[in-house]
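Please look over the sequence and the model below before reading on.

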Amino acid sequence: MHMGTQTESGMEELARSGKLAEKLLKKLDALAGGKVLIIGDCMLDKYVAGSVERISPEAPVPVLKVEREWHLLGGAGNVARNVADLGGKPYLLTVAGEDGAGEMLAGLLRDCRVELGLVRTRERPTTVKTRIIAANQQVCRVDHEDDRPLDGVTLERLGALLAERMAEFPVVIVSDYGKGVVTARLMEMLRAASKSMANPPMILVDPKTRNYDLYTGVDIITPNTKEAGEGAGMKPVGREGILAAAEALFRRLQLRHLLITLGPEGMALFERQDHALHIPTFAQKVYDVTGAGDTVIATLGLGVASGLSLIESCVLANYAAGIVVGQVGTATANLEQLREAINSLPKPEARLWLNHGAG
């Protein structure tokens, strides 16, 4: 598959000197209008919040007096929302049921200025995750879903939309939440469409552990530390553990690049198997990590689609993730927040972790 980045040596030097932030400020406006195709599992996140003042007489369980309900986009929908809020032009390919939740999902996406290729089906319900919150604490989650792999007419309709529009986009994001949209057949369709193009897009994947073998040969995957370890068959601890897990993932999947998000430790970018750069976190406060992975891959994808280098896009994604973990619930960052964060936060220097196979 196409590798859509430029030579990184100059960017790497800027990142390691802490001066890349200044360059990013000049490039933020380039994100406006960047085109990204997102394909994957979309879901509706429902929140039911209230207070608990008594125990039920029917069973020893608390009774929630509901005070507020709201809905947010989850999964691939949240990735698309992140792209749109940063000024990009997302096109989302996904599946929803022929039900009320599917209607609400479509409405929320249109409200967020997301162009939608939505395949509706009677064969499965729209995925809905309902979170019950009492005194600002989540006490229960109720899932409505059918996570069997897509097949038949629904999958073929989705693949036809992909083949029809893919040539318009420099970047494709596969958002795999394990709810059945991302299958071996879908990835075959993606590869076939890519191979038929003179200028194929860069393909990014937010992975689901059980589907790792579906991602062979993509340009970059963005696992967190736990997911990277699961894909590598080990539990990575510290720098050496991350490097070992990365080596195993490169060997297993024949990747071009790899980005491992490290939570409060930032992220590790492997431009190649033998070259890694550690980018410290820019988060000031961490309230909720929900959706942070969506923000990372959305910002990374939009950056590359808008002409930023891989390192520039990763640093920008790190700033964006630092913003959203400081908010409660699935959140996004916008250009003004990014500009403010880059201007006001300290400029941490990236550190070379690996070069030409040497630690």
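Helix α9 passes helix α10 in a right-handed crossing, where a crossing is called right-handed if the near helix is turned clockwise from the far one by less than a right angle, and left-handed if it is turned anticlockwise. Helices here (H or I, at least four residues) and strands (E, at least two) are DSSP runs, numbered from the N terminus. The model is a predicted one, in which local features need pLDDT of at least 70 and side-chain atom pairs count only at pLDDT 80 or more, while totals for chains, interfaces and linings use all residues. Residues are numbered from 1 along each chain as its sequence is written, and side-chain values use heavy atoms, with hydrogens and water left out.

The two helices, of which α9 covers residues 292-305, pack at an angle of about 145°, with their axes 8 Å apart; axes are lines fitted to C-alpha atoms, for helices over the stretch in contact, and angles run from 0 to 180 degrees between N-to-C directions. On the α9 side, A292, T295, V296, T299, L300, G303 and V304 meet a set of α10 residues that includes L310, S313, C314 and L316, with contact meaning heavy atoms within 4.5 Å.

Each of these helices can also be checked for its length, using an expected span of 1.5 Å times one less than the number of residues. For α10, which runs over residues 310-324, the 15 residues should span 21 Å, and the end C-alpha atoms are 21 Å apart, so expectation and model agree here.

How many of the residues of α10 are buried? The count is 15 of the 15, so α10 is largely enclosed by the rest of the structure; buried means under 20% relative accessible area, exposed means over 50%, and partly exposed lies in between (1.4 Å probe, protein chains only). Helix α9 is mostly covered, with 13 of its 14 residues buried, and it is followed by G307, whose phi is positive, near 95°.

Leaving aside residues up to four places away in sequence, R339 touches L25, L28 and D29.

A further pair is formed by α7 (residues 225-232) and α8 (residues 238-253), which pack at an angle of about 55° with their axes 8 Å apart. That angle makes α7 oblique to α8, and their crossing is left-handed. T225, A228, G231 and A232 in α7 meet residues of α8, among them I242, A245 and A248.

Helix α3 (residues 76-85) has nine of its 10 residues buried, so it is largely enclosed by the rest of the structure. Just after α3, G87 takes a positive phi of about 95°. Most residues other than glycine have a negative phi. Against that background, A135 has a positive phi of about 50° although it is not a glycine; A135 is found in the loop between β6 and β7 and counts as exposed at 65% relative accessibility. Q254, also not a glycine, has a positive phi of about 55°, and it sits in the loop between α8 and β11, where it counts as partly exposed at 47%.

Strand β3 (residues 62-75) holds H71, which is partly exposed, with a relative accessible area of 25%. H71 and M104 are 33 residues apart in sequence and 8.7 Å apart in space, C-alpha to C-alpha, and M104 is one of the residues that H71 touches.

A search of the whole structure finds zero disulfides, a disulfide being a pair of cysteine sulfur atoms within 2.5 Å.

How values were computed
Parallel < 35°, antiparallel > 145°, perpendicular 65-115°, else oblique.
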